[in-house]
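Here is my note for a colleague who is opening this entry for the first time. Please keep the sequence and the model side by side while reading the points that follow.

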Amino acid sequence: MTSPAHPVSITRHGGVAVITIDYAPVNALSKAVREGLLFAASEVASDDSVTAAVISGGPGRFIAGADLKEMALPPDEPFLPDVVAAIDALEKPVVAAIDGAALGGGLEIALACDYRIASPKAMVGLTETRLGIIPGAGGTQRLPRLTGMAAAITLIAEGKILKAAEAQKQGIVDRVVEGDLLAAAIAAAETMEKRRVRELPVPEGNEAEEDAAATAAIARAKGVPAITEVIPIIRTARNPAFSDGLATERAAFLQLRESAEAKSLRHLFLSEREVWKVPGLQGASTRPVAKVAVIGAGTMGAGIAVALADAGLTVTVLERDEAAASAGRERVKGLYERQVKSGRISTQVMAERLCRLAIGADWSVLGEQDLAIEAAFEDMAVKADIFKRLDELCRPGAILASNTSYLDLDAIAAVTKRPEDAVGLHFFSPANIMKLLEVVRGEKTSAEALSTALALAKKIGKIPVVAGNCDGFIGNRIYAVYRRHAEYLIEDGASPEQVDAALEAYGFAMGIFSVSDMSGLDIAYAMRKRRADSRDPGERYVAIADTLVEAGRLGRKTGAGWYAYDTAGKKSVDPVTAQTIEAARAAKGISPRAFTPEEIQRRLVAVMANEGAKVLSEGIALRASDIDLAFVNGYGFPRLKGGPMWAADQIGLSRVLEEVEAAHKTGGAGSEPAPLLIELARSGKTFAAWRR
């Protein structure tokens, strides 16, 4: 009863047939798995000696969802709804034994079974909306019959993943068992009656709760078409004809599968898998990291400390003196108190995490640390001085990391006697929340140090993008070009609010000038002053932001920057900014012109992609998808657009090249079209397909 061609086998336990999927690493629903399950269902149906069946993913697994690489290809038989229908059609009871993730199509397989038994470590969820699609094999029609309508809307629209105990409370899992899950599933299959989920009525619910769930889901949708589309489809589960609901669901699934939004989200999902593949690390050992020191308890240092403590690490935060350490303690405590207030953690969890944190001014404890992260002010002299002290005080083999966002990592590492142990760990603020971590590899950074940095990133739940060493690395280097060209648009005729509105219409949560005000105009000002001596005289320079800073307008923290802010922090258009812009135009003899939102969007995406092409060709970034991950997770680039490199591919690189050529005329030196962009545009290729 086993098909040797498929990763699905059938074994007998008396009258019970155990169908086991073995397709590493997570039993994704590939063509081979679908064929195997269809074959197994046929075998069970035709064998009169089989009285019941159990579907198992093996120890620690069930089915973690679709094979996303196949989703980039045209749909291929057997289709998942056919597999689900074959399991549902069996006249013999079927039990799903869930010992891991049953997500997306994996849960739809489980919902086609009559009974679901899970281990405590099991997880279930219909997560398709996270990828811009909806369940396509009956999930929208079966789940409401178990959970009720309001809960189903919330679970599907949010793509929620439930642990076993919560899934049991919701009615999705029938039983959670400790010990031998497979034995329990076989025993249940021997005695249970047939109970198809599709034949169950949708439980009576509260109409107000259902409407509230739908309203909340739409409010959180943030432009994802799948979420608004799935809600009425879930509600069709009340209709008498189950097949009609399936047909509506499948049609919507197929349409959304080919949408630009779904393709962008799939691209990002696959990119997150790819980002861990770093050349040169094969066979490299990883040093154990349990104790970490953070140098500096300012906003960034406090956030880093919280991120580390949240992951179970023992953290020591060091400051220059006890007064600064005391302020740091209050800062860290405040970060946790905000989480308690928002309901993200309990006071007990806060207490446990604070117990893992020590904040003081005794640097002698550095000798006990496995890794030290410098998170001081962005000044080379300050960072070099700290690294000299780390070199003296940290034990041999400890990793020395800098949180620098712009500065030369090699120059920082050079002040030590162990540059091979130095690495950049560029966190993004707020460091305990933002997912991006730029891991900067210096010229002498060892494979072991880099591997350890990546392992730390994984432990603390960050997405690590490996970057080479240059001014600004990947993210800030490209962002500087993005900001520079946004300022060219301002000087040429757009207003800050017009540029921001265009970017927000494109999908950014905040426009670039609003972001500048929030982070502080003095940060970029200091960077520009540092670069002044090395700036190409042929590069166009806009001094409007400098004028604002020198007038004391640093953004939100001073009540005025590009915008004005009232005492409550509410933003408004500021006539002083408009006058400053007009004066700058007049000084250069610029006659302002109008820009459409589309022109603004196209120009700024094009210059980001162009600088990204330079970053790629120089080897600063490994892949175009790494740049996309950096901008989506660190700079607010809209997920539904997939990142600047992916967005450029969708526009078409020949059109992007035309836009960059126009930008070059506007910006002068530094805005030249990248040779890689020219090459790809002329050959009809894409950034996504490019490999070094």
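1. Which backbone oxygen lies 2.5 Å from a polar atom of the side chain of Thr236? The oxygen belongs to Ile233, and the pair qualifies as a polar contact, which is defined as N or O atoms within 3.5 Å, where within protein one must be able to donate a hydrogen and the other to accept it, and where residues adjacent in sequence count only if both atoms are side-chain atoms. Thr236 itself sits in the loop between helix 10 (225-235) and helix 11, and with a relative accessible area of 17% Thr236 is buried (buried is under 20%, exposed over 50%, partly exposed in between, with a 1.4 Å probe and protein chains only).

2. A word on the basis of these values: the model is predicted, so that local features need pLDDT of at least 70 and side-chain atom pairs count only at pLDDT 80 or more, while totals for chains, interfaces and linings use all residues. Residues are numbered from 1 along each chain as its sequence is written, and side-chain values use heavy atoms, with hydrogens and water left out.

3. Leaving aside neighbours within four places in sequence, Thr236 is in contact (heavy atoms within 4.5 Å) with Gln141 and Gly245.

4. Helix 5 (residues 139-147) and helix 11 (residues 242-257) pack at an angle of about 130 degrees, with axes 8 Å apart; axes are lines fitted to C-alpha atoms, for helices over the stretch in contact, and angles run from 0 to 180 degrees between N-to-C directions. The two helices are therefore oblique to each other, because angles under 35 degrees count as roughly parallel, over 145 as roughly antiparallel, 65 to 115 as roughly perpendicular and the rest as oblique. Helices (H or I, at least four residues) and strands (E, at least two) are DSSP runs, numbered from the N terminus.

5. Eight strands form an open sheet with mixed pairing, in the order 12-11-10-13-14-15-16-17, where two strands pair if DSSP finds at least two bridges between them. Strand 12 (357-360) and strand 17 (463-468) stand at the edges with a single partner strand each, so one side of each is left without a neighbour in the sheet. Strand 11 (residues 314-318) runs parallel to strand 12 and is joined to it by four bridges; Val315 has Leu357 as its bridge partner in strand 12.

6. What does Lys641 touch, not counting residues up to four places away in sequence? The partners are Ser264, Tyr506, Trp646 and Ala647, and the backbone oxygen of Tyr506 lies 3.1 Å from a polar atom of the Lys641 side chain. Lys641 is in the loop between helix 26 (624-634) and helix 27 (644-651), and at 30% relative accessibility this residue counts as partly exposed.

7. Some backbone geometry deserves a check, given that most residues other than glycine have a negative phi, and most peptide bonds are trans. The peptide bond from Ala24 to Pro25 is cis, with omega near 0 degrees, and a cis bond also joins Glu77 and Pro78, with omega about -5 degrees. Lys222 has a positive phi of about 50 degrees and is exposed, with a relative accessible area of 75%, whereas Phe473, with phi near 55 degrees, is buried at 0%.
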